[in-house]
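Hi everyone, thanks for coming.

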Amino acid sequence: MSDGTAQPATDSPAASSGDAPTVRRRRRNPEQTRRAIIDALLTAIKDGKFLPTAKDIAERAGVSERSIFVHFPGRDDLRIAAVEAQSEYVETLIAAPDPQLPLDARIDAVIAQSEAIFAAQRNPRLLGLLESQSIPVLDERMRTTDGRTRDGLARTFATELHRDGSTDTELLDLIEATAGWAYRHQLVDRRGLTQQAASRAIARALRVLLAGKDSGAA
């Protein structure tokens with residue numbers, strides 16, 4: 001993100017009179033400006049400002065309000081760009097543990113993934129789900145990331161999912177629901193559990209699903 005210092009969009013010498021020194025202002029790289037605006041929107045949402053104004057975004061990005069509309073002229077352009085950036089980041093957090101590791105080690109890796117993805121998505125996911133109802137491209141992009149997360153879980157628990165030679169898609173549905181954003185949201189934001197307590201509950205549920213045993217509350 002930008003450091004919050006506005007960079008005037010010009011590289012021309014400032015107007016001067018008399019013997020006043022000429023100040024050359026640095027032009028900001030357009031791609032850096034675009035990225036700063038996207039980051040500013042995402043940061044505002046993560047801070048709980050679900051409908052930040054152009055002024056708020058501009059101040060966070062260190063740009064003029066006009067710059068926002070120059071880079072994102074369409075009504076939904078900034079939202080779409082933000083969801084794309086957010087989705088790309090979330091996809092870097094998808095765990096890829098060795099499927100040959102002991103089950104407990106694989107579950108631990110998925111719990112760490114769940115914690116990291118929730119930290120990134122906690123508020124943006126709420127807004128994204130709402131806006132995806134009216135902006136189809138957002139829905140499509142979010143579904144793509146959901147699919148890649150599901151594929152990662154299928155690879156991680158391939159042994160347990162293929163016990164009879166075919167893929168147990170119902171079990172995969174349950175794993176995805178248990179390890180996903182929605183269940184942790186329910187535990188943390190609706191039930192009021194700490195992240196640590198939520199992780200214990202999710203790990204316990206995964207062990208029941210995958211090993212058929214309940215190790216009890218840790």
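Let's begin with Arg-60, which counts as partly exposed because its relative accessibility is 23%. For anyone new to the wording, buried means under 20% relative accessible area, exposed means over 50%, and partly exposed is in between, using a 1.4 Å probe and protein chains only. Before going on, please keep in mind that this is a predicted model, where local features need pLDDT of at least 70, side-chain atom pairs count only at pLDDT 80 or more, and totals for chains, interfaces and linings use all residues. Residues are numbered from 1 along each chain as its sequence is written, and side-chain values use heavy atoms, with hydrogens and water left out.

Which residue does Arg-60 form a salt bridge with? The partner is Asp-47, and the closest N and O atoms are 3.0 Å apart. By salt bridge I mean a side-chain nitrogen of Lys or Arg within 4 Å of a carboxyl oxygen of Asp or Glu. This pair links distant parts of the chain: Arg-60 sits in helix H2 (residues 54-61), and Asp-47 in the loop between H1 and H2, 13 residues away. Helices here are DSSP runs (H or I, at least four residues), as strands are (E, at least two), and both are numbered from the N terminus. Asp-47 counts as exposed, because its relative accessibility is 53%.

Staying with H2, its buried residues are Asp-56, Ile-57, Ala-58 and Ala-61. What covers them includes H1, helix H3 (65-71) and H4. After H2 comes Gly-62, with a positive phi near 75 degrees.

Now let's step back to the whole chain. There are 11 helices and 0 strands. Of the 218 residues, 39% are buried. Among contacts between residues at least 6 apart in sequence, 60% join residues at least 24 apart; contact here means heavy atoms within 4.5 Å.

One is between Arg-207 and Asp-104, with the closest N and O atoms 3.1 Å apart. Arg-207 lies in helix H11 (residues 195-211) and Asp-104 in helix H5 (residues 103-121), so this bridge ties together parts 103 residues apart in sequence. At 19% relative accessibility Arg-207 counts as buried, while Asp-104, at 41%, counts as partly exposed.

The other joins the side chains of Arg-106 and Glu-160, at 2.8 Å from N to O. Arg-106 is in helix H5 and Glu-160 in helix H8 (residues 158-161), 54 residues apart. Are these two buried or exposed? Arg-106 is buried, with a relative accessible area of 4%, and Glu-160 is buried too, with 8%. Also in helix H8 is Thr-159, which is partly exposed at 47%. The C-alpha atoms of Thr-159 and Gln-100 are 8.3 Å apart, although 59 residues separate them along the chain.

On to the nonpolar cores. In soluble globular proteins, nonpolar side chains tend to be buried together. A nonpolar core is a set of buried Ala, Val, Leu, Ile, Met, Phe, Trp, Tyr and Cys residues joined through side-chain atoms within 4.5 Å. The largest one has 20 residues, and those touching the most other members are Ile-107, Leu-153, Phe-157, Ile-175, Leu-206 and Leu-210. H5, helix H9 (169-179), helix H10 (181-190) and H11 each give two or more residues to this core. Leaving aside neighbours within four places in sequence, Phe-157 is in contact with Leu-103, Arg-106, Ile-107, Val-110, Ile-175 and Leu-210. A second, separate core of 18 residues includes Leu-42, Ala-58, Phe-72 and Leu-78.

How many cavities of 30 Å³ or more does the structure hold? It holds 1. On a 1 Å grid over the protein atoms alone, a cavity is a set of points where a 1.4 Å probe fits but cannot get out, and lining residues have an atom within 4 Å of a point. The largest cavity has about 200 Å³ of space, the volume being what is filled by probe spheres set on the points, which are joined across faces, edges and corners. Of its 17 lining residues, the closest to the centre are Val-83, Gln-86, Pro-124, Arg-125 and Gly-128. H4 gives the most to this lining, with 6 residues.

Key
1 Å grid on protein atoms, 1.4 Å probe; cavity = no way out; pocket = protein on both sides within 12 Å on 5 of 7 lines; lining within 4 Å.
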